[in-house]
Amino acid sequence: MVTKQLLRGLPENADLRRADSLAREIFSDVANKWALLIIEMLGERTLRFSELRDEVEGISHKMLTQNLRMLEHNGLVERTVYPTVPPRVEYTLTEPGRALRTTVDAICGWTHQYLGHIEDARRRFGD
């Protein structure tokens, strides 16, 4: 967790410990399985909505729409609409989104590295 010393000089809304902080709101937005998977699937690519839905297995149309809007609202995804019939809409990561992807990649790597350990622990608990 971020210490008070690291927060020195930053606005109060950067403190994750505060319930009313913008940092906590952003953290809550992006720390969900769908947002993380969308960020990972976009990677360095630009994808259409239907392509993203195919890439993120199990996500509903509604959840994909909600998460893309949230990621766009937070400046992590850029949405481009082309004036065609029907309209073509594409999504790509912004610079902050690509920076966050580095962390998402690390989480994916951690998951792969410790998957066996976690499976063993769950078996001990009867999962």
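Trainee: How do you know that strand 2 and strand 3 pair?

Mentor: In this predicted model, strand 2 and strand 3 are joined by 6 bridges in the antiparallel sense. Pairing needs at least two bridges. The 6 bridges meet that rule, so strand 2 and strand 3 count as paired. Glutamate 78 stands opposite threonine 92 in strand 3. A hairpin of 5 residues links strand 2 to strand 3.

Trainee: How do you know that strand 1 pairs with strand 3?

Mentor: Apply that rule again. There are 3 bridges between strand 1 and strand 3, and at least two are needed. Therefore strand 1 and strand 3 pair too. They run antiparallel. Arginine 48, for its part, faces glutamate 90 in strand 3.

Trainee: In what order do the strands of the open sheet lie?

Mentor: The 3 strands follow the order 1-3-2, with antiparallel pairing.

Trainee: What makes strand 1 and strand 2 edge strands?

Mentor: Strand 1 (46-48) and strand 2 (77-82) each pair on one side only. From one strand to the next, the twist averages 30°.

Trainee: How do you know that helix 3 packs on the sheet?

Mentor: Look for touching. Helix 3 (residues 33-42) touches strand 1, strand 2 and strand 3. Touching means heavy atoms within 4.5 Å. The direction of helix 3 makes about 95° with that of strand 3.

Trainee: Which residues line the largest pocket?

Mentor: Phe49, His61, Thr65, Leu68, Arg69, Glu72, Arg79, Val89 and Tyr91 do. Helix 5 (61-73) and strand 3 (88-93) each give two or more residues to this lining. The largest share is from helix 5, with 5 residues. The space in the pocket is about 150 Å³.

Trainee: How do the lining residues divide into nonpolar, polar and charged?

Mentor: There are 4 nonpolar, 2 polar and 3 charged residues in the lining. Tyr91 lines the pocket.

Trainee: Why is the aromatic pair of tryptophan 110 and tyrosine 114 called tilted?

Mentor: Start with the distance. The ring centres of tryptophan 110 and tyrosine 114 lie 6.0 Å apart. The limit is 6.5 Å, so they form a pair. Now the angle. The planes make 45°. Stacked needs under 30 degrees, and edge-to-face needs over 60.

Trainee: Where do tryptophan 110 and tyrosine 114 lie?

Mentor: Both are in helix 6 (residues 95-124). They sit 4 residues apart, about one turn of the helix.

Terms used
Residues numbered from 1 in each chain as written. Predicted model: local features only at pLDDT ≥ 70, side-chain atom pairs only at ≥ 80, totals over all residues. Heavy atoms only, no water. 1 Å grid on protein atoms, 1.4 Å probe; cavity = no way out; pocket = protein on both sides within 12 Å on 5 of 7 lines; lining within 4 Å. Points joined across faces, edges and corners; volume = space filled by probe spheres on them. Nonpolar A, V, L, I, M, F, W, Y, C, P; charged D, E, K, R; others polar. Axes fitted to C-alpha atoms, helices over the stretch in contact; angles between N-to-C directions.
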